[in-house]
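Visitor: Could you give me a close look at the spot around the ligand, and then walk me outward from there?

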Amino acid sequence: MFDPKTHCVVVVGAQWGDEGKGKLVDVLAEQADIVVRYQGGANAGHTVVIGDSQFVLHQIPSGILHSRCICMVGNGVVLDPETFFTELDALAARDVATAGRLFVSERAHLVMPYHKLLDVASEKSQQLGTTGRGIGPTYEDKYGRRGIRVGDLRHLETARAQLTERVARANRLLGLMGVAERASLPQHIDLIERLAPRVLPLTCDTGLLVYRSLKEGRRVLLEGAQGALLDVDHGTYPFVTSSNTTAGGAAVGAGIGPTAVDGVLGVVKAYTTRVGNGPLPTEAEPVAAEELRRLGDEFGATTGRPRRCGWFDATVVRFSVRVNGLTGLAVTKLDVLDSFAEIPVGTAYVLDGDACGEMPADVRALERVKPRFEILPGWRRPTSGARRLADLPAEARAYVDRLQDLAGAPIRYVSVGSRRDQIIQV
Ligand code: IMP
């Protein structure tokens, strides 16, 4: 993706999240100087394998595993202190040095334990299937202008007073929601007092750093979390997350202007998955869904929930190409389809008897659509050893070509396994 004219690249999920962005970020980080996470929080998860051990990064960009890469948690992220500590400790335990390579925006908002209590409590009535990580309530506080930001930790006395008021407010809300549990003020005060000395040395104006780095000709990767169909504006509302996951959110959440972005890579699975509630038009029949889940190991990295599985949905990806301005696509997990004799691909929808080529904004309409499927022949041979398009069986090549035609954006990468080297650059 990077070339002499392309210095700033956004990587976004183009379906419902879990498309394998982490792997693409990992591959692209090799060429990048800086990786910036721009939205979401500890609801995302990227499983990382170092030697024999495996751990999950929820907030720190996986670019941290490339020793020359600088990583930033941007202003658009909501930072969960406990998860942040766990990740820092896990990296230190594996001798991954982060000193001088990890920065946190002073403008990022903090996820507090009371946000998690409110998230879990509102799930009881809303039933969105959230990750329970306090993401929605933290963004609510941000937009309600009562959030606590990382930079506020510089003034602990004021932050303590803010917390006293916020915890009391959260407890009033919990009472109104009919929940018995209450947030503990001493626990919150203790948390920020432990957080301040660890996070403040990493805290700065990350947007300014990115801006200056771009001026100096460095390469910057802006890493999105979740996927376009979980975007609070463009997703299957209300079954969405609470941030702008799409590329427009990248500039805002990284603290740079939109004209700085040179390219947008959309990551799509060769099929479709979704975790949490809400419509999934191309959801497979139970037997095929189970097979996809087993072969693709489709269980959430954050919550361990089984993912719902279905076939590639071209209406979703076309929509994603449009709302993200995708300049390229990366198709992941092609190898998961290796054993299928036939592979359905959703080409369009039928809504109340009429053809419908675009995503309806209304979730009730999306629940009613019937996908139109085209059945493509499977290849029934392993693809995990392919390193060039020419190495793929003819049917797999035809499958990839068809996805590209239907999506309307060029495929730049095809991933055929979880290892770093299992990727085809087109
Ligand atoms: P929240 O982001 O925890 O508020 O959850 C809102 C919706 O987004 C739920 O359907 C979650 O399952 C979904 N979601 C949040 N983060 C991810 C992710 O990283 N991958 C896939 N789905 C996610």
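Guide: Let's start with Gln226, which counts as buried because its relative accessibility is 10%; buried here means under 20% relative accessible area, exposed means over 50%, and partly exposed is in between, using a 1.4 Å probe and protein chains only. Before going on, a word on the source: this is a predicted model, where local features need pLDDT of at least 70 and side-chain atom pairs count only at pLDDT 80 or more, while totals for chains, interfaces and linings use all residues. Residues are numbered from 1 along each chain as its sequence is written, and side-chain values use heavy atoms, with hydrogens and water left out.

Back to Gln226. Its phi is positive, about 60°, although it is not a glycine. As background, most residues other than glycine have a negative phi, and most peptide bonds are trans. Gln226 sits in the loop between S10 and H8; helices (H or I, at least four residues) and strands (E, at least two) are DSSP runs, numbered from the N terminus.

Now for the ligand. In total, 15 residues surround the ligand, the closest being Asn43, Thr131, Thr241, Val275 and Arg305; to be counted, a residue needs a heavy atom within 4 Å.

Follow the chain on to H8 and you meet the second largest pocket. H8 gives the most to its lining, with 4 residues. Helix H4 (135–143) and helix H8 (248–254) are the elements that give two or more residues to that lining. Of the 13 lining residues, Lys142, Tyr143, Asn244, Val252 and Gly253 are the closest to the pocket's centre. By class, the lining has 4 nonpolar, 8 polar and 1 charged residues, where Ala, Val, Leu, Ile, Met, Phe, Trp, Tyr, Cys and Pro count as nonpolar, Asp, Glu, Lys and Arg as charged, and the others, Gly among them, as polar. A pocket, by the way, is found on a 1 Å grid over the protein atoms alone, as an open set of points where a 1.4 Å probe fits, with protein on both sides within 12 Å along at least five of seven lines; lining residues have an atom within 4 Å of a point.

One last stop, for comparison with Gln226. Asp352 also has a positive phi, about 50°, although it is not a glycine. You'll find Asp352 in the loop between S16 and strand S17 (354–356). Is Asp352 buried or exposed? Asp352 counts as exposed, because its relative accessibility is 53%.
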